[in-house]
Amino acid sequence: TWTTTSVVEEQVAAIRAQVGSKRAICGLSGGVDSAVAAALVQKAIGDQLTCVYVDHGLMRKGETEQVEKDFVAATGVQLKVVDAAERFLNALKGVSDPEQKRKIIGREFIRVFEQAQAELVAEAGAEGEEVAFLVQGTLYPDIVESGGGTGTANIKSHHNVGGLPDDIEFELVEPLRQLFKDEVRMVGAELGLPEEIVHRQPFPGPGLGIRIVGEVTQDRLDLLREADAIAREELTTAGLDREIWQCPVVLLADVRSVGVQGDGRTYGHPIVLRPVSSEDAMTADWTRMPYDVLARISTRITNEVADVNRVVLDVTSKPPGTIEWE
Ligand code: XMP
């Protein structure tokens, strides 16, 4: 029977058998999945593991600092932070197709991991190591949605599954690939990770890159980051963080509508709020959240974020909508 203790024991043994005395890196995103995967692998192989956090410039406000602080404090893991914002932005230039964006982001992640691995090997004077292990926090639903589940249609390429490049040389270590999110949270708690990490709302690896409908540019990212920070602040203040599974904030970058602010006409972009309730992200319903909280978020975003003159609420369940817009 399934217990978190047996999952931890089984996975620790499997990781040791796979990695042996070699070195592994783990891509850390700030989310629950990669944090739990890293903690599991750390338990199995200790300081043969180095975590790599790629700041792809598609993160939310304050997120990079939070990963550096919280996760290292909680686990004492070795962390390498790579600033790759320019690289991702260049790679995404001119691209608006969602699947293409996902593939580009997945590929760039791997290229940055390869570089980081080479640097770590050189630093350790361990040149000539043949197998490089990459730990990923892939879950069962990521595989199913990327088309890896039997008989299931491909919905979207999760950055760490369908978005991987063909020429990847890493051997993958994916200790969570049979688990659902609620089980991952239980495993994280069993491993002693703090509440703030274990109960963090999901955030996709491709970050704000798949929450800008249209081309990703620096200006659009800055705008969306502001709107997202306001929404998150108000949801937290209202005490809704646990009730809401996650609330993507989406910028419709290619849509404009007419508005009026002060004494003048505006022609700005809409921001979409997408609060959802879910058990495992495979299905979801839109959250009937309090109108006064919605009103506060709308007022603040339209007042504080330049070029946004409309806030709309997504009232679609999954299916037929997915949680993210891309
Ligand atoms: P969808 O949009 O498919 O999302 O309903 C289901 C859940 O998965 C998250 N998501 C991702 N997570 N890499 C991730 O790590 C991805 O490429 C990715 N795409 C979607 C999404 O936020 C939701 O929790």
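The order β3-β2-β1-β4-β5 describes an open sheet of 5 strands with parallel pairing. Strands (E, at least two residues) and helices (H or I, at least four) are DSSP runs, numbered from the N terminus, and two strands pair if DSSP finds at least two bridges between them. At the edges lie β3 (78–83) and β5 (171–173), each of which pairs on one side only. From one strand to the next, the twist averages 30°. Strand β2 (residues 49–55) runs parallel to β3 and is joined to it by 6 bridges. Cys51 stands opposite Leu79 in β3.

The model is predicted: local features need pLDDT of at least 70 and side-chain atom pairs count only at pLDDT 80 or more, while totals for chains, interfaces and linings use all residues. Residue numbers start from 1 along each chain as its sequence is written.

Helix α1 (residues 4–19) and helix α7 (residues 181–190) have axes that come within 9 Å and cross at roughly 80°. Axes are lines fitted to C-alpha atoms, for helices over the stretch in contact, and angles run from 0 to 180 degrees between N-to-C directions. The two helices, α1 and α7, are therefore roughly perpendicular to each other (65 to 115 degrees). Thr4, Thr5, Val7 and Val8 of α1 make the contact with Met186, Val187 and Glu190 of α7 (C-beta atoms, placed from the backbone, within 7 Å).

Among the 16 residues around the ligand, Pro202, Pro204, Thr322, Ile323 and Glu324 come nearest (a residue is near if its C-beta atom, placed from the backbone, lies within 6 Å).

Key: Parallel < 35°, antiparallel > 145°, perpendicular 65-115°, else oblique. Contact = placed C-beta atoms within 7 Å.
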